[in-house]
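Biologist: Please go through this structure with me. I will ask what stands behind each term.

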Amino acid sequence: MGQPKRHHIVVYMTVQVEEDKSSLQQCIDLDQTEVDASMWLDPVLAKLIAHDEVPVDCPQFIDATVVDDAGLLKTVKLPAVLMTNKAPDTGADIERISTGTRYAVNQWLNQQGEHMQNISSGV
C-alpha cells in the first residue's frame, strides 16, 4: 500500500440564514478545479447519506448541481440509490459519498436530534 498518494481537508459548516435554498442556489459559484457537484440536504437526504440506505420517504431521484466541462452549473436528477455507493475492495474507485462526509452528515443529524429534543422539552 505505501504512503498516501493524496490528502485533502474538507470543512463542514452549518449556518442559519434568512434566505431559502432557491435564493441561495442563485448565489452558488462552484470552482471546477475544486468540486464537481453540490447538493442541498434536508433531513431525509441526510439520512440517505449518513446511514447508507434509502429511507422509505426518500424520493427516487434527487437534485444535484454539477459543474459541466465548460465550468457552467446545471441541475441534474440523480437516482437516490447512487448515494449509497461504497468504494470497491479492489479495482478503480467509483462515484460515491466519502466516509468522512457520511460521518459529518451523521454528526449533523445527531445534533439536529438533540436540538429538537431540547426544543420539545423546553430547554
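**Strands, hairpin and salt bridge**

Modeller: Thr 65 stands opposite Thr 75 in S3. This is a predicted model, in which local features need pLDDT of at least 70 and side-chain atom pairs count only at pLDDT 80 or more, while totals for chains, interfaces and linings use all residues. Residues are numbered from 1 along each chain as its sequence is written, and side-chain values use heavy atoms, leaving out hydrogens and water.

Biologist: What makes S2 and S3 a pair?

Modeller: Two strands pair if DSSP finds at least two bridges between them. Strand S2 (residues 61-67) and strand S3 (residues 73-79) have seven bridges, in the antiparallel sense, so they pair by that rule. A strand here is a DSSP run of E with at least two residues, and a helix is a run of H or I with at least four, both numbered from the N terminus. In the hairpin, five residues lie between the strands, and Gly 71 has a positive phi near 85 degrees.

Biologist: Why is the contact of Asp 63 and Lys 77 called a salt bridge?

Modeller: The term requires a side-chain nitrogen of Lys or Arg within 4 Å of a carboxyl oxygen of Asp or Glu. For Asp 63 and Lys 77 the N to O value is 2.7 Å, so the pair qualifies. A search of the whole structure finds one salt bridge.

Biologist: Why is Lys 77 called exposed?

Modeller: Exposed means over 50% relative accessible area, buried under 20%, and partly exposed in between, with a 1.4 Å probe and protein chains only. Lys 77 has 57%, so it counts as exposed. Asp 63, at 42%, is partly exposed.
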